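Biologist: Let's go through this one together. I'll ask where the labels come from, and you tell me what backs them up.

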Amino acid sequence: MTEMDLELLALLSEIKSGSDFVASGKKEFILPGLMVKGFGEVAQPIQPATAQGLIAVAHKAPFGKGSETVLDNTVRSAWEIDAADISFNNPEWQKWLKTIVEEVQEQLGVQHQTITASLYKMLIYEKDDFFVWHKDSEKEKNMFATLSITLLSAHEGGELAVRFNGKEEVIDSAQAMKEYKMSYSAFYADCDHEIRPLKAGYRVCLVYNLVQTAKSYPLSAASFVAQTNILTNFLNRWEPQFGTRPKVVLLNHQYTPANFEKENLKTDDLPRVEALLKAANEADFFADLVLVTHYKMGELEHDDGYSYSKYDYDDDDDDLSDGEMGEVYEEYTKITYWNGANNIPDLGNFDLLETDIIAHNPFSEDDEPIEKEAEGYTGNAGMTMEYWYHYGAIVFWPKIAHEQILVGLPLTTRLNWLNYYTGAGAKEQFNLAYIKILLDDFAKIDPMQPRQLDQINASGIANAWCILYDEKGLAAATDSLVLLFTQISFESWEKLATRYPSHLITPIFKQVLAQETLKSTAYFVELLAFFAKNNAVTPFTESQIANLPVYLARIPSYIFTKNIAAYSSNENENIKPDFLSFSRRVI
């Protein structure tokens, strides 16, 4: 890492949330009125006979392995009862549970968010039961942590150990039982944790998923004014030496793509993101919260290290998820998700170089992939294992380097930035020469790939020609404007038709109608109606309306008869009823 990278990591390490990765405590005992299907009400403290009765209606607890759920007593030995078979008769239980959740929120640093506890399982550990080191899977949308409440049941051992970022915390629930109190513990879902072997008695606990139900976290960068100012000065000082590629700071946690939002950031990740985003704004940098995906694909090996082959592979018997990755065949790192935290366009699926990444130990071998998939033997292809790691990160780059960074990126990405620079209410300054370069690129759009253009917003192109005012350039760009005709908004066409003389706009519209497609013709008619409604470019509008019968006469009637029925059934919401009625009259 460079001197700049090391200094930034040191500055960020000083920004703390005041929270931890694990929460724990003891609460005064309350009778929950706990009912279990097939057993009845569970008396507390739980006696050995009660625990055995619960085991009789329970089933062995499995665990997730890859995309499968398996039973293996060498990995996990315990009993479980599903939430659907559990109920609570005491109405005070939910109030008591809410106080637990509030205490956990405070300790985990998510007290400003709306959190609920969703019952997942009852777990019963008897003598010698355990669960080896593992991570919890995301069991429901917006789940971010696990909460465990140990009921009054005498036991020894069975401690919960939780590890994260080189630290380890151990919670012993047996001590709370001696005080006739209920023990609780909670930890983020991406923390490694284990249940150590139970030495005696029974450990009975209720396991809840902690779920964020509303995005209510207020911005907290104001709490770190001093650190933000230091980061701002740091960015200003290093800007001249920054280079022409974005930098990416990896956060502490991995996040699932479905659950990656700023409001779901954990422990120190949130205040560091807030501070760096604010500093970037003040230092004239672009910045955004992103998800960085590190992908690896390689040879599939057995747990004991030797490779599978077509000779020892049985599609019916082998569990490929037991395997590990051997020799790596392919590996890449790229930004795969942009949060839009600073309301700027993104750079697309941006490929990252090793020198772009700022982290003390990026992509450590100790990290577990968020996603893992094995593929069996197929034909001449060997068996492979794929890993996906998804890291939260902040990407940032100076605005003065923006033009160089966009060079070579996909056309749609550059178009998004052109829309940003030229749109209504645009706050960023733009370089006129650079806009001209972008327009020259758009003049080279491949007309044979229209499907690539269907979902884009090309209004920025029309807006850019209004800003530049170049009559020769606009005339030369007729083909690209025709190709993007329906991707440019009515408002932007109005600006263009108002800004330039009609003899430059009319050829564009004539060429659009010469395409003889219902979509472009419908858009053209609606555009004229928009002009007339807004009293915009009146002489031009009148001339176009006067020429409309001529334009429509060029379109074969089969174009209408073939498509009217489909459009009448609202399969295409872009075609308005007024145009459908008009089209029928023309036919």
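Biologist: Which residue is the bridge partner of Arg163 in β17?

Modeller: Asp192 is the partner of Arg163 there. Before we go on: this is a predicted model, where local features need pLDDT of at least 70 and side-chain atom pairs count only at pLDDT 80 or more, while totals for chains, interfaces and linings use all residues. Residues are numbered from 1 along each chain as its sequence is written, and side-chain values use heavy atoms, with hydrogens and water left out.

Biologist: What makes β14 and β17 a pair?

Modeller: Strands here are DSSP runs of E with at least two residues, helices are runs of H or I with at least four, and both are numbered from the N terminus. Two strands pair if DSSP finds at least two bridges between them. β14 (residues 160-164) and β17 (residues 192-195) have four bridges, in the antiparallel sense, so they pair by that rule.

Biologist: Why are β7 and β15 called edge strands?

Modeller: The open sheet of five strands runs β7-β11-β17-β14-β15, with antiparallel pairing. β7 (76-77) and β15 (167-171) each have a single partner strand, so one side of each is left without a neighbour in the sheet.

Biologist: And how do you know that β22 pairs with β21 and β23?

Modeller: Eleven bridges join β22 (residues 324-338) to β21, running antiparallel, and Lys296 stands opposite Glu331. With β23 (residues 350-351), β22 has two bridges, also antiparallel; there Lys334 stands opposite Asp351.

Biologist: Why is Thr293 called buried?

Modeller: Buried means under 20% relative accessible area, exposed over 50%, and partly exposed in between, with a 1.4 Å probe and protein chains only. Thr293, in strand β21 (residues 285-301), comes out at 4%, so Thr293 is buried.

Biologist: Why is Asp367 called partly exposed?

Modeller: Asp367 has a relative accessible area of 25%, so the label is partly exposed. Asp367 sits in the loop between β24 (357-358) and β25 (371-375). Leaving aside neighbours within four places in sequence, Asp367 is in contact with Gln254, Tyr389 and Tyr391. Asp367 and Asp192 are 175 residues apart in sequence and 10.0 Å apart in space, C-alpha to C-alpha.

Biologist: What do the buried residues of α2 pack against?

Modeller: They pack against β2 (34-36), β8 (79-82) and β10 (114-125). In α2 (residues 48-57), the buried ones are Thr50, Ala51, Gly53, Leu54 and Ile55.

Biologist: Last one: what makes a space a cavity?

Modeller: On a 1 Å grid over the protein atoms alone, a cavity is a set of points where a 1.4 Å probe fits but cannot get out, and lining residues have an atom within 4 Å of a point. Points are joined across faces, edges and corners, and the volume is the space filled by probe spheres set on them. By this rule there are two cavities of 30 Å³ or more. The largest holds about 50 Å³, and β16 gives the most to its lining, with three residues.

Conventions:
On a 1 Å grid over the protein atoms alone, a cavity is a set of points where a 1.4 Å probe fits but cannot get out, and a pocket is an open set with protein on both sides within 12 Å along at least five of seven lines; lining residues have an atom within 4 Å of a point. Contact means heavy atoms within 4.5 Å.
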